Amino acid sequence: MPEMPFVPVIPAGGAGTRLWPLSRRSHPKFLLDLTGSGSSLLQQTLARLAPLSDLPPIVVTGTSHAAAVEDQIAASGFEARVIAEPSPRNSMPAIALAAAVVEREQPDAVIGSFAADHLIVDTEGFARSVTAARRAAELGYLVTLGIEPTHPATGFGYIEQRTATNAMDGHDAAALRSTGARPVVRFVEKPDRARAEEFLASGDFLWNAGMFVVGATVLLDALSQQIPSLAEGARSIAAALGTDREEEAMAGTWPALTSIAIDHALAEPLAAAGRVAVVPAGFDWDDVGDFRALARQLRAGTDLTGADGASDGTVAGVNRVDGPDCDVRVLGTAHVDAVGSRATVYGATHRHVALVGLDGVSIVETDDVLLVLADEHAQDLATLVGRLPEAGLDHLR
């Protein structure tokens, strides 16, 4: 087993516009139960990480969501600390601040950053992958978990790993491979269809799920080389937390921190320097980025908390509508009747929902919004949500 203490970091932010109107600014995706399991995505993340943690996880979230996050942590039965960021600054400042807090308390600790709003079925496979990543991180690498691609997706970034066809030799490579990790050649932004097909055919590429494991001091020292002001600012805020200087440090230093993703700030430049490794993850993963992805998961026949689904392909908390030539799933208490339709309905209002002749549609019914969405165009929903302010409907976001 790894020897250095492990502290998970859970960035809990994001607008979640592609799951609107279920996800709102005041109640974003990570606070929602999207699987009918009885627990939110944040609570499921805490449950996955609790057995792996040597110290309580740190959840970094916005001040407007801090109270709800603390309530959900308390309801989950798991222990975690909350750091409230006064404004969104992307993933690197959030992770750096958490790393600086850990560094002050446990200088030799390894941290792992895991988003609060991802779905993972195989928690045992997840634990094995994180353990392998911890071993590699103890060698001084920034380690990421790469998802084995199942199709030429254009909505994910990719990680090129060194495999048998492009391997490197040497003692360091052997030590790294003994952990189950492989050197990373480069990170690639979301490709077009043709490039994605090339990546899949080569066998050298994995999906980038945005999970990183690294020594807290290793991260901050590397960040000092790339963006010195960001590392210095994170460490100065961490030093002030819990003192009478905390409010001043947050208000004065946080807004000036560079707003940048960890991928651009550290992963890409460190990969070019041979300091990044990847563990090919052997578990199912979905970032549930839109309603098409969510509908696919609700039809998967496996409860996303890890329990087996029913023989008819339904999962716990999701109802199936019986009807002629129908494949309709309902999340919530909405009463639905359907003929000749393949659809997913999300709703808990008193209205009767009737569907006839629909194919590949998501219907979302809340007290103030009715959304009817063709799943093939799920990524376009963000455009509609972006137009709400100019229509005088900003209160619906």
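Student: What should I know before reading the values?

Tutor: The model is predicted, so local features need pLDDT of at least 70 and side-chain atom pairs count only at pLDDT 80 or more, while totals for chains, interfaces and linings use all residues. Residues are numbered from 1 along each chain as its sequence is written, and side-chain values use heavy atoms, with hydrogens and water left out.

Student: Which residues of the largest nonpolar core touch the most other members?

Tutor: In soluble globular proteins, nonpolar side chains tend to be buried together. A nonpolar core here is a set of buried Ala, Val, Leu, Ile, Met, Phe, Trp, Tyr and Cys residues joined through side-chain atoms within 4.5 Å. Buried means under 20% relative accessible area, exposed over 50%, partly exposed in between (1.4 Å probe, protein chains only). The largest core has 47 residues, and M92, I111, L219, L223 and L266 touch the most other members. Helix α3 (residues 91-105) gives the most to this core, 10 residues. Helices (H or I, at least four residues) and strands (E, at least two) are DSSP runs, numbered from the N terminus. A second, separate core has 45 residues, including I10 and A136.

Student: Is D263 buried or exposed?

Tutor: D263 is buried, yet has no salt bridge. A salt bridge needs a side-chain nitrogen of Lys or Arg within 4 Å of a carboxyl oxygen of Asp or Glu. For D263, the nearest side chain of opposite charge is K190, 11 Å away. Here Lys and Arg count as positive, Asp and Glu as negative; His and the chain ends are not counted. D263 sits in helix α10 (residues 262-272).

Student: Which residues of strand β18 lie on its covered face?

Tutor: In a regular strand the side chains alternate between the two faces of the sheet. In β18 (residues 370-374), L371 and L373 form the covered face. The uncovered face has L370, V372 and A374. β17 (residues 359-365) pairs with β18 in the antiparallel sense over five bridges; pairing requires at least two DSSP bridges.

Student: How many salt bridges does the structure hold?

Tutor: Side chains of opposite charge can pair when their charged atoms come close. The structure holds 15 salt bridges. In one of them, R25 meets D394, with the closest N and O atoms 3.3 Å apart. R25 lies in the loop between β1 (6-12) and α1 (41-49) and D394 in the segment after α12 (381-386), so the pair ties together parts 369 residues apart in sequence. D394 also bridges to R397 (3.4 Å, N to O).
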